[in-house]
Amino acid sequence: MRVPLSWLQEWVDVPWDVDELAERLTAVGLAIEAIERPGAEVSGVIVARIDEVKPHPAADRLWVVTIDTGRGTATVVTGAGNARPGAFAIYAAPGARLAGGLEIRERSFRGVLSQGMLCSTWELGLPTAAKTEEDRLAEGLLLLEGGSSVRPGADAGPLLGLGEPVLVLDLTPNYAAHCQSILGVAREVAALTGAGLHPPAAPVVEPAETAADAFTRVEIRAEDGCGCYIARVLDGVSVGRSPLWLQRRLQLAGMRPINNVVDVTNYVMLETGQPLHAFDYDRLQEGRIVVRRARAGERLLTLDGEERRLEPGDLVIADAERPVALAGIMGGAETEVSQQTRRVLLEAAHFEPLGILRTSRRMGLRTEASGRFEKGLDPEGVEPASARAAAWIAALAGAKLLAGRVAAVARNEAPRRIPWRPQRINGLLGTDLSETELRDLLGRYGFIVENDGVRVPSYRTDVFGEADLAEEVARLYGYDRIPSRLPSGAPATAGRSRWQVELLTVRRHLVGCGFSEVTTFSFAPADLGDRLHLPDDHPWRQALRLANPMNEDQAALRTTLLGSMLEVVRYNRRRRNDALALFEIGTTYLPDGEGLPREPKRLMLAAAGDLRPRHWQGHAEPADVYLLKGVLERLAQRLGRELAFRPEPQPFLHPGRAAAVYAAGGAVGYLGELHPDLIETWELPPRLVVAEVDLSAWLAAEAQVTRFQPLPRFPAVERDVAFVLPLTVPAARAEAVIREHAGPWLEQLTLFDVYQGEPVPAGCRSLAYALRYRAADRTLTDAEVDEVHERVRQALAAELGATLR
Amino acid sequence: MRDALARSDRLEQLEELRVRYLGRKGLIQQALAVMGKLPAAERPQLGRAANEAKAAIEAALAERRQALLERERQQRLEAEALDLTLPGRPPLLGHRHPLSIVLEEIEDIFLSLGFEIAHGPEVEWDYYNFEALNIPRDHPARDMQDSFYLTPDMLLRTHTSPVQVRYMEGKAPELPVRIIAPGRVFRRDDDATHSPVFHQVEGLLVDRGVAMADLKGTLLEFARRFFGPTAQIRLRPSFFPFTEPSAEVDVSCAVCGGSGCRTCGGSGWLEILGAGMVHPQVLRSGGYDPEEVSGFAFGMGVERLAMLRYGIDDLRLFFQNDLRFLAQFD
């Protein structure tokens, strides 16, 4: 909504400068997006009359124009095609400044000297519908009709309202209902100042003797869609350009002048908020109006040149035969007011908001009218707007207004009433306003306290209950004057839940282990399964699809964090962030029949490169599967949950470097090195290792409570064992054998060396373990330990065929 | 003797001196050896003198020994000096995401104000996301947020407000309701200032006699703890279908302190959240009687707060996860 300040001032006294006005309106809820002063930077422009237009001798698309500047003649070159002798244009002489700070100088165009230039609307910094360079060229020069003020040499600044402040309002839906007009904003200003409105009078016109009802009939067949419809008829209309002041106002308000009839309907809509429409009466079949729902198969060519297919729910204005307008949205082309129009039927009506919204949304057709109707308009605003517009058309188009109006009323809306409980308003705000103060505040917005409650003014279609009244009071009283206090009630059973605490623990743990947290979108590409080389029946392929994704890469909801993580790794690799240790705790979305999906939280880890920053003391920390495994094992200890790793292939992991992660309840994830094929196709760093764990499943189990173990009172005895085994025997197997035979004295088992190569035979490796034996109740003797240790050694040889070293 | 002592600068030399003076054939012994030849009356005198000399020599030796040991230790420590201007070895620590840092801080503030943390599903029924929040189908307010739908009834929640109703449903008629609900929300929007995925923290307090004054006090307390003890807040009337009265809440610009700068666009204020008194219809959706109880609600954007906190000027940085970005925090 754009409000030219001078227009507002016609309706209400504004005791403040425009900046303070904007501040005060913002404080009552009418957010001011900007204060524009179109054309403020333009100077030195005057009116000139075009005397002669000749094609440029050396250029196809240029014209040489001779003008009368009021002080003599000048020659200018223009590219605009609409220059015609006799018209008045805006002339920028050398030295003038135009929009964007452009300074005008004499300049030669292909051999013809241009003494300044003629201006378009856009070059003057005024609002225009032209968006592109091409549009602007097509729009051509701003041309004026001659008149007392429009004469050669006249200063164009005041004439065009250059630099006049325009408030640009960004209205929230509640205020959009009653503030999308000069009148609406004026009411807000009046409430603030406490002074009244002074609406400018419409021209006084002498009605014709002929009555309008001799010409037309109005019938509402869709009573739920149209509360009332008022038609007025004008005869002897002379369609032409509107006076300059009217065109300016429309342009400042953001609309395009069309002709005097249409301009008046727009002008009065901008003033009062009530949309209006003018039909060429002679093109209406039988000259009458039927408000009804569209019939299946009906079509309507709207003013914008589109043929619209109507659906049975759409509310239309029809004549005796066919739809002639899309009610409340846009008129039809066939009944449009044109140069030939002699008689006009002026429509003013009250339409039901939701129907308008529905139809305009479906058609993707939003207009100034629909944007107002869909918010709910003042049912009592219809008649005044109709009378006002009729008077203006009569005055500006030299028409005769036929006597009376032809109206159909489907229903009269009784004024809404809200219970009057002052203590409740104070209670909601935390204020202590007296009843008189409350009455006064509400009264300034037009709410009247009566015996049976508060009467809501007809234009406040957004106010229903006491909470709304509280807001009216609060915004006029001032949000800043409402006291401030801390809630006095009891606190909730505060504190984080176990689950919330454990998620924090997971995050802290990983950060402490050198991993940095990433945050990625919840989406996945529709073909992620293919990109991860998953088999057709892999559960991750069961992803929910969005009905209206923004693009194919975000078409589904992720079932794994792996895809997002690989994207992050690639993003970083391309920026040469080579050493990476990353994690994400994120939601995944698993379909669950017809219900809402399950949303387990998962933990994703990824690492690549040497994680220890280059340092003069050396030290490397390779990112490999053992790093991830260690980090997860320590996390498991911290969380008091089991976690086990079993070699198990995954389609997206290196076949020899993959494990499934098991918790008490079953598999909860995987760990391994990404498959080299994926590394290649995704352009990932070599040897990227990843792990993912379903935290929701894993942490569902009760945590083991930490129990203190008494510190040992007797010394331990250390023994090592080293042996050679085929590579095919997993270390876990050797460990199991050791534990089985070492008995209860084995306190700690540490693998301290793994060696392959000479002198160990090919296909084998040497493993070296340190065993710490201790008894809780006494000091073990060497002989006792030796005996047990020897059993361990023998068992390794006997059960695994290990060669002891 | 004194000269010799002063000249000796090694422990071996001290030992030589000790032997020379105090050894079994040392000078003291030699002196005592002649004692037998002295008259009995003088013997005690000589004995005393010899003992005194012995004690003095021992003390001098010990003192010198101590000094030498001290010097030796000094030399050893000097030789062990390290160049502490060499760079330290950084511990391998990662970084929390800035959104996590800020969110945790917001949570901690509200936990200490007696709120608890509630969660709701990210994929929501249309009912909870809209209808229960006083946004019926075809309501113009649905225009304000373009949503991602899965089915005609199921969508990615466009705000954390559905948690309000879900929580109240589970809690009614018990009082108080005092929660924040942090989480991920989704809108069909993607440019420099909009992300299709972002994070909000919802707040809800329902109890007997809750007024807008309580909302102001709570938000002021939050602003002071988050932005600093001198922070001010300003409420402007606004519109949300699920609150009435509604307000946009600004905080005094932490960069310029309110005098106007580039960050706040010269206004001295920064918009940080939307809030209001819970709409009676929403209380009813949650199972409470608006005649009996009232409440306030607010919703803030975590990205917005993080951008203000750290001076981040591009929303997309949060989701690109460039390590050079992440490594700047925590």
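## Secondary structure and confidence

The model is predicted. The average pLDDT of chain B is 91, and 98% of its residues score at least 70. For the complex, the predictor reports an ipTM of 0.88 together with a pTM of 0.86.

## Overall form of chain B

Chain B has 330 residues, and its radius of gyration is 41 Å, whereas a compact globule with that number of residues would have a value near 20 Å. Along the principal axes, the box filled by the C-alpha atoms of chain B is roughly 130 × 45 × 45 Å.

Contacts in chain B can also be sorted by separation in sequence. Taking those between residues at least 6 apart, 65% join residues at least 24 apart.

## Surface and charge of chain B

Buried residues make up 53% of the 330 in chain B. The chain has an accessible surface of about 15400 Å², and carbon and sulfur atoms account for 50% of this area.

Among the side chains of chain B, 39 are positive and 48 are negative. The centres of these two sets are 16 Å apart.

## A glycine in chain B

Gly114(B) sits in a loop of chain B, with helix 5 (98-112) on one side and strand 1 (116-117) on the other. The relative accessible area of Gly114(B) is 5%, so this residue counts as buried, the cut-off being under 20%.

Arg178(B) is 64 residues from Gly114(B) in sequence, yet their C-alpha atoms are 7.2 Å apart in space.

## An isoleucine in chain A

Ile230(A) belongs to strand 13 of chain A, which covers residues 226-235. Is this residue, Ile230(A), buried or exposed? Ile230(A) is buried, because its relative accessible area is 5% and the limit for that class is under 20%.

Leaving aside residues up to four places away in sequence, Ile230(A) touches several residues, including Leu346(A), Glu347(A) and Ala348(A). Val382(A), Glu383(A) and Ser386(A) are also touched by Ile230(A), as are Arg405(A), Val406(A) and Ala407(A). Pro323(A) lies 93 residues from Ile230(A) in sequence, and the C-alpha atoms of the two are 17 Å apart.

Note on methods
Residues numbered from 1 in each chain as written. Chains lettered and ligands numbered in written order. Predicted model: local features only at pLDDT ≥ 70, side-chain atom pairs only at ≥ 80, totals over all residues. Heavy atoms only, no water. Rg over C-alpha atoms; globule rule 2.2 N^0.38 Å. Buried < 20%, exposed > 50% of the residue type's maximum accessible area, 1.4 Å probe, protein only. Contact = heavy atoms within 4.5 Å. Areas by Shrake-Rupley, 256 points an atom, 1.4 Å probe, with all protein chains shown as cover. Lys, Arg positive; Asp, Glu negative; His and termini not counted. Charge placed at Lys NZ, Arg CZ, Asp CG, Glu CD. pLDDT = per-residue confidence, 0-100. Helix = DSSP H or I, 4+ residues; strand = E, 2+ residues; numbered from the N terminus.
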